[in-house]
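Student: Hi! Could you walk me through a model with me looking at it alongside you?
Tutor: Happy to, let's open it up.

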Amino acid sequence: MPLVVFCGLPYSGKSRRAEELRVALAAEGRAVYVVDDAEVLGAEDATVYGDSAREKALRGALRAAVERRLSRHEVVILNSLNYIKGFRYELYCLARAARTPLCLVYCVRPGGLSWGPRVAGADESPSRNVSVSWRPRAEEGGRPLAAGTGVLGEPQAVDSVINGRDQAEVPKELEREEARTPDFQALLTSEFEKSAERVSGAFYPPELLEALALRFEAPDSRNRWDRPLFTLVGLEEPLPLSEIRAALFENRAPPPHQSTQSQPLASGTFLHQLDQVTSQVLAGLMEAQKSAVPGDLLKLSGTTEHLRFTRPLTMAELSRLRRQFISYTKMHPNNENLPQLANMFLQYLSQSLH
């Protein structure tokens, strides 16, 4: 099932939005599971983000909780700061390994457009500094794209929308927002913090909030692990449920690659013979080099390949190369190569040593 990653500074409305999304998906009969800091932290408080070692342990616990829940039966929502792009990439790799779609919801507190993290590319276009989401472009006639149409397809066109509204409306709303009195703006921000604090149940000291804002790595939809990206400002904006549904349930999963695929199973006979043959080759080379002089060819019985002797070889060096050869061969097992394992190993040694 898909993975939804929430990202943002404290008091930005992540918990409220995560609960809103959970209720909406659960009302459709979908199984939804939420992983958040409160569940993982337990008796600890939010000051864990002020200690690098404890924060690293927290990220590991969050990643493990997500990995345990990623399945074909549940939508997993991760409600945490997720402010490090490297950690968001790890979550992307988890989703890719599970072959399930994912999306990122970036929450920004009111007034956060002029301080702290901003949406990437905000300087280029004022409208991009507001709530941006990505949705598949509809076909002619207003019909939605068929299920399975990829939001992440490379050449596919996507529309940038502002919570379902035209971008031309955004500057007008920003002008009206700027026209408000400072007292009203401060009151709105204060009420927002109180509301968010009641939902999250966590307290962040002012100095910690400032530190988190300085090291916050804002999402960028140009990165494959940060898209589809939905950016929400405050709690008054409606959650773009239709676009999120399209990203989660009408989108192809990230394509797997070798690092996220299980290694092919090799028979016990193949692995046993691989270990035995490489051990015999090492023993034969160590014995043959005792009477060799630089320039000689080290020949082993039962092989057609030879290794040119240029310098004394240590068992530690040969053992390291043997482990590398075994690791590579295990990833590409082929019983047809069994008679040639010794020759293949000698070729590998010859290329690695010279």
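Student: Where is Arg-99 found?
Tutor: Arg-99 is found in the loop between H4 and S4. Helices (H or I, at least four residues) and strands (E, at least two) are DSSP runs, numbered from the N terminus. Before we go on, this is a predicted model, where local features need pLDDT of at least 70, side-chain atom pairs count only at pLDDT 80 or more, and totals for chains, interfaces and linings use all residues. Residues are numbered from 1 along each chain as its sequence is written, and side-chain values use heavy atoms, with hydrogens and water left out.

Student: Is Arg-99 buried or exposed?
Tutor: Arg-99 counts as exposed, because its relative accessibility is 53%. Buried means under 20% relative accessible area, exposed over 50%, and partly exposed in between (1.4 Å probe, protein chains only).

Student: And what about the phi of Arg-99?
Tutor: Arg-99 has a positive phi of about 55°, although this residue is not a glycine. Asn-82 is not a glycine either, and has a positive phi of about 45°. Asn-82 lies in the loop between strand S3 (75-79) and H4, and is buried, with a relative accessible area of 4%.

Student: Which residues does a cis peptide bond join?
Tutor: Arg-227 and Pro-228, with omega at about 0°. Pro-228 is in the loop between H7 and S7.

Student: Changing topic: how many aromatic pairs does the structure hold?
Tutor: There are 8 aromatic pairs. Rings of Phe, Tyr and Trp (its six-membered ring) pair if their centres lie within 6.5 Å; planes under 30 degrees apart count as stacked, over 60 as edge-to-face and the rest as tilted. One of them is Tyr-106 with Phe-216, whose ring centres are 5.9 Å apart and whose planes are at 20°, so this pair is stacked.

Student: Where in the chain do Tyr-106 and Phe-216 sit?
Tutor: They link distant parts of the chain, 110 residues apart: Tyr-106 is in strand S4 (residues 102-108), and Phe-216 is in the loop between helix H7 (206-214) and strand S7 (229-233). Both Tyr-106 and Phe-216 are buried.

Student: What about the rings of Phe-325 and Phe-345?
Tutor: Their centres are 5.1 Å apart and the planes are at 40°, so that pair is tilted. Phe-325 counts as buried at 5% relative accessibility, and Phe-345 counts as buried at 0%.

Student: Which residues do ring pairs link into a cluster?
Tutor: Tyr-11, Tyr-49 and Tyr-204.

Student: What lies over the face of Phe-249?
Tutor: That's Arg-30, at 3.6 Å from the ring centre. The charged end of Arg-69 sits over the ring of Tyr-33, 3.7 Å from its centre. A charge sits over a ring if NZ of Lys or CZ of Arg is within 6 Å of the ring centre and within 35 degrees of the ring normal.

Student: Last one: which residues is Asn-343 in contact with?
Tutor: Leaving aside neighbours within four places in sequence, Asn-343 is in contact (heavy atoms within 4.5 Å) with Thr-303, Thr-304 and Glu-305. Asn-343 is found in helix H11 and counts as buried at 9% relative accessibility.
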